[in-house]
Each structure stands twice: as structure tokens, then as C-alpha cells.
Amino acid sequence: MEYIGWVILVTAVSGIIGTGLGGLIGVLVNKNSNKGVSLLLSFAGGIMLAIVVFDLFQESIIPFIKDKQNNWYYVVVVLGCAFVGYILVYLINNLIDKRLSKEVPHTSSGHPDLHDDLNEMIHLDHIEVHKKNHNSLFVAGLITAIVIALHNLPEGIAIGASYATNPSAIIVSSGFALAVVIGLHNVPEGMAVAVPLVVGGTKKWKAVLITASTGIPTVIGAVIGFAIGNIGPIGLSISLALASGAMLYVVFGELLPESYLMWKSKLPALVTFVGLLIGFLIVLI
């Protein structure tokens, strides 16, 4: 456990600084940047997908491959844990969507459940509805902060579990790369928390602090993932499999669909592919 301090530091930068930076951007910068956020989500999704498929999944199965008689049994267990991780994050996000979608009626029944516009992602559409009631908008901002904090826990577990496979690889490792990618992913989430808080009457510096605090569960998750991964081969496999499933939902259920909805172009797919190649190179190093 001698490397746990470094894991906490890296995850704090990814979770707390990542969301805090998003909050700062949200209160200071022009929000109309669909194309830029679309490419950011695509790039992060590509790297994250490469790390999960080429590293985390394989590492979760390797401890049991030597058991020639029961290796298929263990593979099924690992895949089951990955499925559980996927479903858990799906349920969390489904809860988030149901809670937040009630605040703003959509004019079209065919409106996508995912965000197809940056203003919707950071809840500027909510602001139009709630602009005469700052208290209502402030509550909406706090609810968003709580659910995003809950959402950040499995992301932290993924970082911690990744580091558990090779804790001595401090910088050149999948854990560090995953932390960077999750940090990028947290930027628009931080904007989603800060903007309604500020318009709801919260001072800008307080909104940024509240936003940054939503990254704390990422650190808690990293400690959990790292600790479970250090229990032994079984603990490491379970934590990696759960983290893999959780990250695959983030990629296929959030990042890639939202990136395309926000900019219906071929370029997000190209950037995803570039991210996938870079992620593959990171794994090889």
C-alpha cells in the first residue's frame, strides 16, 4: 500500500481539479461550444475504450489463466462482474436522467434522452424555465452536484483498480492515462453543476468549490479499487472487471452518443479512432 498516496493525488487531480476546472469554465466562459465539447467527449471515449479493452479486461482474466482446468469458469465470473459494473452505472445514470428530465418539458416526443446540445448539458434550458425562481434553480444545481458525485465513485474505482495491477508504474501506466481521460470527461460535468448554481444566486467562487467537491467520491472510489485490488488475485480480478463494465457504460452510454448528438459529423468518429490508437499506444508503453 506504499503507493496509495500517489493514487490519491492523481485521482484528486482527475476528479476534484477536473470538475473544478469545468465549474470555472462554466462561470467564466461562453458556453456555445458544441463542436469543441463533442470532440473532447469523442477523444476521451476512444482512449477510455482502448484502456478498458486492451488492458483492464485482460488484466482481470490473467490471474486465472494458469488454471487450465477451470479457466473458463473464471472467465465467466469475470464477465459477470463486468456486466454487474455496467448495470450499476446504468442504473445510477437512469436515476439521474429521470430526476433531471422532469424539470424541463421537451417539446418533441422524439427528443433524445442524452444531451444533444451543450446548453442542455449544462442546463441552460433549465435556466430559461427557472429564471424567475432562483431557489428552484439553486436546488436543481445541488441535485446535479449530488448525482454527479455519486456517478464519480465507480470512475475512481476504475483508476484505483488500474493502479493495483502495477502500482510502481507511477506515470507511464493505464491508471494514470485513465485518470487523465476521466479528468477530461469531468470538465463538462463540472459545467453542468456550476452554471445553474451561479444563475440560482450562488457566488461564483462558491459554485466552483461546490463543483470541485463533487470530485471527492472519485478519490474515495480510487482508494476502494486500489485496496480491493491488493487483497489478492481474486480481488484484483473482481475490481478490474467491475471497473471495466462501469467504464464501458460511460463510453457507450454517454460519451460517444452525446458527442455525435452534439455534432452530427464524421469528425467525432475520426477523433474517437485517434483516441483509440493513442490509448492502445499508452497500453503498450
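Student: Let's start with D55: does it count as buried or exposed?

Tutor: Buried means under 20% relative accessible area, exposed means over 50%, and partly exposed is in between (1.4 Å probe, protein chains only). D55 has 10% relative accessibility, so it counts as buried. Keep in mind that this is a predicted model, where local features need pLDDT of at least 70, side-chain atom pairs count only at pLDDT 80 or more, and totals for chains, interfaces and linings use all residues. Residues are numbered from 1 along each chain as its sequence is written, and side-chain values use heavy atoms, with hydrogens and water left out.

Student: Where is D55 found, and what does D55 touch?

Tutor: Helices (H or I, at least four residues) and strands (E, at least two) are DSSP runs, numbered from the N terminus. D55 sits in helix α2, residues 34–65. Contact means heavy atoms within 4.5 Å. Leaving out residues up to four places away in sequence, D55 touches A50, S174 and V283. Also try finding T165: it is 110 residues from D55 in sequence, but their C-alpha atoms are 9.8 Å apart in space.

Student: How many helices and strands does the protein have?

Tutor: The count comes to 11 helices and zero strands. Buried residues make up 49% of the 285 residues. As for contacts with a separation of 6 or more, 85% of them join residues 24 or more positions apart.

Student: What does Y74 count as, going by its relative accessibility?

Tutor: Y74 is at 24%, so it counts as partly exposed. Look for it in helix α3, residues 71–101.

Student: How far does α7 reach from its first C-alpha to its last?

Tutor: The expected span of a helix is 1.5 Å times one less than its number of residues. α7 has 26 residues and reaches 38 Å, close to the 38 Å expected.

Student: Where does α7 bend?

Tutor: The bend at a residue is the angle between axes fitted to the seven residues ending there and the seven starting there. In α7 that angle is about 30° at V187, and a proline, P188, follows within four residues. After the helix comes G201, with a positive phi near 110°. Of the 26 residues of α7, 21 are buried, so the rest of the structure largely encloses this helix.

Student: How do I read two helices packed together?

Tutor: Two packed helices are described by the angle between their axes and the distance between the axes. Axes are lines fitted to C-alpha atoms, for helices over the stretch in contact, and the angles run from 0 to 180 degrees between N-to-C directions. Helix α1 (residues 4–28) and α7 have axes that come within 6 Å and cross at roughly 35°. Residues in this contact include G15, G18 and G22 of α1 and G183, N186 and G190 of α7. Sort residues by class: Ala, Val, Leu, Ile, Met, Phe, Trp, Tyr, Cys and Pro count as nonpolar, Asp, Glu, Lys and Arg as charged, and the others, Gly among them, as polar. The contact of α1 with α7 then has 13 nonpolar, 10 polar and no charged residues.

Student: At what angle do the axes of α7 and α8 cross?

Tutor: Roughly 145°, with the axes of α7 (residues 174–199) and α8 (residues 204–213) coming within 9 Å. G190, V193, A194, L197 and V198 of α7 make the contact with K204, A207, I210 and T211 of α8. By class, that gives six nonpolar, two polar and one charged residues.

Student: Which residues of α9 meet α10?

Tutor: G225, I228 and G229 of α9 meet G235, L236 and S239 of α10. This contact has two nonpolar, four polar and no charged residues. The axes of α9 (residues 216–229) and α10 are 7 Å apart, at an angle of about 145°.

Student: Where is the kink in α10 centred?

Tutor: On V251, and the kink is about 30°. The 30 residues of α10 (residues 233–262) should span 44 Å, and its end C-alpha atoms are 42 Å apart, which agrees. Since 21 of those 30 residues are buried, α10 is largely enclosed by the rest of the structure.
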